[in-house]
Amino acid sequence: MAMTQSKYDVIVTGSGLAGLAAAALLSAADESLTIAVIDPTVLPLEPDPVRAGQRVSALTPASVKRFDALGLWASMPQTHIAPFTAMRVWDAAVACGEGVCFSANEAGLSELGTITDNLMLRWQLYQYLLARPAVALIDAAMTDCNASREQVVVQTDGTDEIAAKLLVGADGRNSVVRRHAGIGIKTIDHQQIAVVTQLDTELAHYDTAFQRFLPEGPLALLPLSDGRVSLVWTTSPTRADEILAMDDKAFGAAVTDASDHVLGSLAPSLKRVSFPLISQFAPDPIATRTVLLGDAAHAIHPLAGQGINLGFSDAAVLADIAKDARGADLGDAPWLRRYRRRRIADNVSTLYGLDLLNRLFAREQGAVADLRRRGMRWFDRAGPLKRLASGHAMGNPLGLLIARDGVS
């Protein structure tokens, strides 16, 4: 059978949250752009219409505003989003009240962030793209690509070639695009496992997120709209094996104790899943007519919930550049270098900053641990510095707390 070639302005590989967000934001920035999204599972699983799924993300107000501007946030069911108005962070050696409390009210905001069901958000992005006439959703896997000065040509596992001016690699931490483009990565193996599930709680969470730093890693409880919480328990591989092997009663007791009983007795409402924590990043996320974003460019430690938000920021910057380049060749090197300049510092500083924080809180004894606990009490009373940290966590790279409508 003869091979056919289709031509687009942009090819996005990967139909996860970062890839679909990139396609949506690019399409909104310049409606004349023709975009192909290719992925062997481009059609997402249809989410449960009533209850949030296993995997959730903490979206910053900046990320929410981007989706609101697309008009798709209004389609997110209220059962699948849970704005949180406070966050408590504390050390294992002290009580919850002796840690740091971030409050939306103190910052003059309606919320600090929103816990969002990944499946539902992906479904809404997919529906948005289905309605865009210049976007093609192609169920295929990339097997090879060849980038030249004029274009990049992608071969799929079917009989088709797809050509474009720009290839966007949003195909995850094991990115095929990254490998074919010859883009190297650096890796940090945290020697930790994240155990994830959802829990019923004895006490109400009052729209508060909790994070307790244990010697083997942080334990996070993220509020859900139905009163439950999502658990992300980061620990050593040995302890993770023990946690996964427990029956529900023993696990409930263990997680209740590990969370310092902050929400009373806890009981699992879903099965437990786990994944290893390995951070990686591409020191240079661009190559000839190719750009990486999301986990393909940087996969980071989940302790601050910033991973997917960095991917959405990548997508937003690329869309801003597309708006500036309207009518020009978006795959030309000057536009790609602009993307690199705007994203590399934020992504790398976040990755190493989280790694440092994770190591700092792993110190249980000695002067470092004592200084850390004293520092947390001081930080909780340091208004300007606390607001700066809150602003960065909510999606402003300068760390400025801005009223909701001004988050960029």
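What follows is a set of questions and answers on a predicted model.

Trainee: How many helices and strands does the protein have, and what share of its residues is buried?
Mentor: The secondary structure comes to 11 helices and 22 strands. The protein has 408 residues. The buried share of them is 54%.

Trainee: Among contacts with a separation of 6 or more, what percentage comes from residues 24 or more positions apart?
Mentor: A contact here needs heavy atoms within 4.5 Å. Of the contacts with a separation of 6 or more, the part from residues 24 or more positions apart is 75%.

Trainee: Is helix α1 largely enclosed or largely open?
Mentor: Buried means under 20% relative accessible area. In α1, 12 of the 13 residues are buried, among them Leu 17, Gly 19 and Ser 27. The cover includes β2, β3, α2, α4, β9 and α8.

Trainee: Which residue in β3 stands opposite Val 12?
Mentor: β2 and β3 run parallel, joined by 4 bridges. The residue in β3 opposite Val 12 is Val 37.

Trainee: How many residues of β15 are buried, and on which faces?
Mentor: In a regular strand, side chains alternate between the two faces of the sheet. On one side of β15, Thr 208, Phe 210, Arg 212 and Leu 214 are buried. On the other, Ala 209, Gln 211 and Phe 213 are buried. Both faces are covered, and the buried count is 7 of 7.

Trainee: Which strand pairs with β15 in the antiparallel sense?
Mentor: β6 is joined to β15 by 6 bridges, but these two run parallel. There, Arg 88 stands opposite Phe 210. The antiparallel pairing, over 5 bridges, is with β16.

Trainee: Why are Arg 239 and Glu 242 about one helical turn apart?
Mentor: Their side chains meet in a salt bridge at 3.1 Å, N to O. Both lie in helix α6. They are about one turn apart because their spacing in that helix is 3 residues.

Trainee: How far apart in sequence are the parts tied together by Asp 248 and Arg 272?
Mentor: The two form a salt bridge, with the closest N and O atoms 2.9 Å apart. Asp 248 lies in helix α7 and Arg 272 in the loop between β18 and β19, so the pair ties together parts separated in sequence by 24 residues.

Trainee: Is Arg 289 buried or exposed, and what is its relative accessible area?
Mentor: Arg 289 meets Asp 332 in a salt bridge at 3.5 Å, N to O. Asp 332 is partly exposed at 33%. Arg 289 falls under the 20% cut-off for buried. It is buried, and its relative accessible area is 4%.

Key. Residues numbered from 1 in each chain as written. Predicted model: local features only at pLDDT ≥ 70, side-chain atom pairs only at ≥ 80, totals over all residues. Heavy atoms only, no water. Buried < 20%, exposed > 50% of the residue type's maximum accessible area, 1.4 Å probe, protein only. Pairing = 2+ DSSP bridges. Salt bridge = Lys/Arg side-chain N within 4 Å of Asp/Glu carboxyl O.
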